[in-house]
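Here is a short briefing to read alongside the model. Please keep the sequence and the 3D view open as you go.

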Amino acid sequence: MAHDLNGISIPSGLVWADEFEWADAESASEYGITGALLIDAAERLSGRPITLEGQDDAGWLERSALLSVQALADVPGATYAFTHHDGRVFTVAFAPGGNPISARPVARPELPPSDWPYVAIIRLIEVQ
């Protein structure tokens, strides 16, 4: 089964690389003027990174799908439905700052056809 980004099929071999680098709870601590430790804690409501990464030997994305994903990334402020291959659904935007997509062809064709495979990284964030 594949991932789905706004109707674009993305191979499940593009693995969610930072899935476990997120906690729903955020906390910070500091010492008050009395010397007591003050802890602030709250639930994070959005901003979870969803970075889909292919490798040299797995998770290749065809050029036609890559161009479709690039077209989505070019729309300022847009949000999209992302369905992970396991059925979880998220509302996402392309990650701000830097490149939301990185890709390189598996080999170096002069004129790559639409089905040419690319090793890609797609950087999304969950939004509310």
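Tyr31, Leu37 and Ile39 together make a nonpolar surface patch of about 360 Å². This is a predicted model, where local features need pLDDT of at least 70, side-chain atom pairs count only at pLDDT 80 or more, and totals for chains, interfaces and linings use all residues. Residues are numbered from 1 along each chain as its sequence is written, and side-chain values use heavy atoms, with hydrogens and water left out.

**The surface patch**
- Accessible areas come from the Shrake-Rupley method with a 1.4 Å probe.
- Leu37 belongs to strand E5 (residues 37–43); strands are DSSP runs of at least two residues, numbered from the N terminus.
- Because its relative accessibility is 44%, Leu37 counts as partly exposed, the class between buried (under 20%) and exposed (over 50%).

**Strand E11 and its partners**
- Strand E11 (residues 117–126) is largely enclosed by the rest of the structure, because seven of its 10 residues are buried.
- Strands pair if DSSP finds at least two bridges between them.
- Strand E6 (residues 49–53) pairs antiparallel with E11 over five bridges, and Ile50 has Leu124 as its bridge partner in E11.
- Strand E7 (residues 61–62) is joined to E11 by two bridges in the antiparallel sense, with Tyr118 in E11 as the bridge partner of Leu61.
- Strand E9 (residues 89–94) runs antiparallel to E11 over three bridges, and Ala93 has Ile125 of E11 as its bridge partner.
- Strand E10 (residues 101–105) pairs antiparallel with E11 over five bridges, while Arg104 stands opposite Val119 in E11.

Notes
Patches are made of residues with over 30% relative accessible area and no salt bridge: like charges are joined within 9 Å, nonpolar side chains (Val, Leu, Ile, Met, Phe, Trp, Tyr) within 5 Å. A salt bridge is a side-chain nitrogen of Lys or Arg within 4 Å of a carboxyl oxygen of Asp or Glu. Helices (H or I, at least four residues) and strands (E, at least two) are DSSP runs, numbered from the N terminus. Buried means under 20% relative accessible area, exposed over 50%, partly exposed in between (1.4 Å probe, protein chains only).
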